[in-house]
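User: I have a new structure open and would like to go through a few local features. Can you take my questions as they come?
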Amino acid sequence: MTLNGAPGLQVTQLVKHFPVRRGLPWARPDAYVRAVDGISFEVKRHETVSLVGESGCGKTTTARLILRLEKPTSGHIRFDDRDINMVRGSDLRGYRASVQAVFQDPGSSMNPRMRAKDIISEPLLINQGMPRRQRETLAAELLETVGLDRSLRNDYPHEFSGGMRQRLAVARALSLSPSLIVLDEPVSALDVSIRAQIMNLLKDLQERLGVAYLLVAHDLATVRYLSHRLVVMYLGEIAEAGPSEAIFTKPLHPYTQALIAAALPARPGERSTGVILSGDLPSPTNPPPGCRFHTRCPMAFERCREEKPVMRELAPGQRVSCHLY
């Protein structure tokens, strides 16, 4: 099984604002939730890019925009050198086949009345009209690809454990030979030992098949193990982006430093050092002026409160949006 070739995903000045209405649904909005507010990044072929940040920073909304589950307010998402918001008909079907998703709770995305072989092969029927015998053969092969025995092809989702269901979700995502898979918290609902198995599976599939991943995750240990590059988001904007190991070794933005300091230490007895955050995340309907992080940043000064920082490249491939630099 081979993957479709593609130059990758390019996101440019992507914006998504959700209207807030207190009256009738068609009334004029009272405010807007600035879920995503002008972010730019790319996912190259055969690599893993992770979106990290606190809950409410815009990670999942970004993933939904890329999957075309939401329409952007403005900005561009280009895939295979085409703006995905302009594609229609067969081109849109081709895009949906090339970009698949694996969600946090695989059980909720599966029909409980369908057998494993049908769950895996349904995309082949819808997108390619593949004959049943050929679909079932490919479904059995995909079960083995993700480490499940082909004898399980007639089982229902409730007969699988959580880790096995996640493997089944990965097999379904692979059925159309995608170029990019969006992973939305793929291991956060699993036991620690099962997490390691799924992470190793994802890494092995990437090496064998060349698929690219866009990973949305909170667990920085998972992010560090799987990622080639990191995009750190705060309140709908990008605070820092660059090679994963470079950011974990020498984080530049105070918010990135705080995220890494808050993670569990790598070794027992080791103390975390770094920035400690205080206060709550500001409202996305009324973000602070200047640098959006200044209300919680212990290093903030007057300029941070008044002027929005621009993204600068301070190390090879490592960009940061902060007045300290």
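User: Where is aspartate 149 placed?
Analyst: Aspartate 149 sits in the loop between α4 (132-145) and α5. Helices here are DSSP runs of H or I with at least four residues, strands are runs of E with at least two, and both are numbered from the N terminus. This is a predicted model, where local features need pLDDT of at least 70, side-chain atom pairs count only at pLDDT 80 or more, and totals for chains, interfaces and linings use all residues. Residues are numbered from 1 along each chain as its sequence is written, and side-chain values use heavy atoms, with hydrogens and water left out.

User: What does the side chain of aspartate 149 join in a polar contact?
Analyst: The side chain of serine 151, at 2.6 Å. A polar contact is a pair of N or O atoms within 3.5 Å; within protein, one must be able to donate a hydrogen and the other to accept it, and residues adjacent in sequence count only if both atoms are side-chain atoms.

User: How does aspartate 149 count by accessibility?
Analyst: Aspartate 149 counts as partly exposed because its relative accessibility is 48%. Buried means under 20% relative accessible area, exposed over 50%, and partly exposed in between (1.4 Å probe, protein chains only).

User: Switching to backbone angles. What is phi of histidine 46?
Analyst: Near 65°, a positive value in a residue other than glycine. Histidine 46 is in the loop between β2 (31-43) and β3 (48-52), and at 48% relative accessibility it is partly exposed.

User: And serine 177, buried or exposed?
Analyst: Serine 177 is buried, at 13% relative accessible area. Its phi is also positive, about 50°, although it is not a glycine. Serine 177 belongs to the loop between α5 and β7 (180-184).

User: Now helices. At what angle do α3 and α5 pack?
Analyst: About 30°, with the axes of α3 (residues 116-128) and α5 7 Å apart. Axes are lines fitted to C-alpha atoms, for helices over the stretch in contact, and angles run from 0 to 180 degrees between N-to-C directions. So α3 is roughly parallel to α5; angles under 35 degrees count as roughly parallel, over 145 as roughly antiparallel, 65 to 115 as roughly perpendicular and the rest as oblique.

User: Which residues meet there?
Analyst: Ala116, Ile119, Ile120 and Pro123 in α3 meet Leu168, Ala171 and Arg172 in α5. Contact means heavy atoms within 4.5 Å.

User: How far apart are the axes of α5 and α6?
Analyst: They are 10 Å apart, and α5 (residues 162-174) packs with α6 (residues 192-209) at about 20°. That makes α5 roughly parallel to α6.
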